[in-house]
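Dear colleague,

Please find the structure below. My notes on it follow.

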Amino acid sequence: MDRKALPLALVFALSPLIAHAEPGDALLRSLRNCAALTDAAERLACYDRLAPQFQSPAQAAAAPPPQPTKEEKESWFGLDNLFGGGEGKPQTTPQQFGEERVEKTPEQVEDAKKDEIDSITAKLSDYATNAYGKFIVFLDNGQVWAQLQADSGKAHFAKNPKDVTVTIERAFLGSYSMTISDNVKLFKVKRLK
């Protein structure tokens, strides 16, 4: 292939990616800088330096998804039932499709368990009761939890909700239990937000 045609072929090959780039995108600016070089060898070297930054969609899909931080995991605590929970989680990449049926090694099971959060503790910012006398608690971390309709317990909150600490833990069959200010009474709850 003609050396002059190579940079032009590279630009045409990358044009779908360039078309989706934002005007202020650093990679787009770098491509423009390469195109502005007059020396063919320098221009080719410039393009070669940029080439690893472009991935095909298949390469991007094959890359492992980034792992969530501890703060992200805590903010998602209790929402797994909204997304199907457990093995019914949405499969968003080709690599995930059908993986719930693949038998996991003991090491994979242990790795999954070590990152899992089993409980959270937070202060109340406020609380309310619904028409059926069941409580709804608003936590200082932004989460909102409600007592299940089937739970028969009656909760008693301090006059100042900011003095109340709640602990919410995973329970049997994907449910959640909440204790209020280190009281031993458990309330069955679900996360609303």
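Accessible areas here come from the Shrake-Rupley method with a 1.4 Å probe, and for residues only the protein chains shown count as cover. On that basis the accessible surface of the protein comes to about 13,600 Å², and 57% of it belongs to carbon and sulfur atoms.

This is a predicted model, in which local features need pLDDT of at least 70 and side-chain atom pairs count only at pLDDT 80 or more, while totals for chains, interfaces and linings use all residues. Residues are numbered from 1 along each chain as its sequence is written, and side-chain values use heavy atoms, with hydrogens and water left out.

Overall layout

The protein has 6 helices and 6 strands; helices (H or I, at least four residues) and strands (E, at least two) are DSSP runs, numbered from the N terminus. Their order from the N terminus is α-α-α-α-α-α-β-β-β-β-β-β. Of the 193 residues, 24% count as buried, where buried means under 20% relative accessible area, exposed over 50% and partly exposed in between (1.4 Å probe, protein chains only). Contact means heavy atoms within 4.5 Å. Among contacts between residues at least 6 apart in sequence, 48% join residues at least 24 apart.

Helices

In helix α2 (residues 26-36), the buried residues include Leu27, Leu28, Leu31 and Cys34. Seen down the axis of α2, its buried residues fall within an arc of 120°, so they line one face of the helix; the arc is that of the directions from the helix axis to the C-beta atoms. Asn33 and Ala36, on the other side of α2, are exposed. Helix α3 (residues 40-50) has Arg43, Leu44, Cys46, Tyr47 and Leu50 buried. The buried residues of α3 fall within an arc of 155° when seen down its axis, so they too line one face of the helix.

Strands

Two strands are taken to pair if DSSP finds at least two bridges between them. Strand β1 (residues 119-129) pairs with strand β4 (residues 165-170) in the antiparallel sense over 5 bridges, and Ser119 has Glu169 as its bridge partner in β4. β1 is also joined to β2 by 5 bridges, again antiparallel, with Phe138 of β2 as the bridge partner of Asp126. β1 and β2 form a hairpin with 5 residues between them, and Gly133 in the turn has a positive phi of about 85°.

β2 and β3 run antiparallel and are joined by 3 bridges; the bridge partner of Val137 in β3 is Trp145. Their hairpin has 4 residues between the strands, and Gly142 there takes a positive phi near 95°. β3 pairs in turn with β6, antiparallel over 3 bridges, where Ala146 has Lys190 of β6 as its bridge partner. Both faces of β3 are covered: Val144 and Ala146 are buried on one side, and Trp145 and Gln147 on the other.

Aromatic pairs

How many aromatic pairs does the structure hold? There are 2 aromatic pairs. Rings of Phe, Tyr and Trp (its six-membered ring) pair if their centres lie within 6.5 Å; planes under 30 degrees apart count as stacked, over 60 as edge-to-face and the rest as tilted. The ring centres of Phe135 and Phe187 are 5.4 Å apart and the planes are at 85°, so this pair is edge-to-face. Phe135 is in strand β2 (residues 135-139) and Phe187 in strand β6 (residues 187-191), so far as sequence goes 52 residues apart. Both Phe135 and Phe187 are buried. The charged end of Lys185 sits over the ring of Phe187, 5.2 Å from its centre; a charge sits over a ring if NZ of Lys or CZ of Arg is within 6 Å of the ring centre and within 35 degrees of the ring normal.

Trp145 and Tyr176 form an edge-to-face pair, 5.4 Å centre to centre with 70° between the planes. Trp145 lies in strand β3 (residues 144-147) and Tyr176 in strand β5 (residues 176-180), so the pair ties together parts that are 31 residues apart in sequence. Both Trp145 and Tyr176 are buried.

Two single residues

Val189 lies in strand β6 and is buried, with a relative accessible area of 3%. Its C-alpha atom is separated by 6.4 Å from that of Trp145, 44 residues away along the chain. Leaving aside neighbours within four places in sequence, Val189 is in contact with residues including Phe135, Trp145, Ile168, Tyr176 and Met178.

Leu173 lies in the loop between β4 and β5. Most residues other than glycine have a negative phi. Phi of Leu173 is positive, near 55°. Leu173 counts as exposed, at 76% relative accessibility.

Regards
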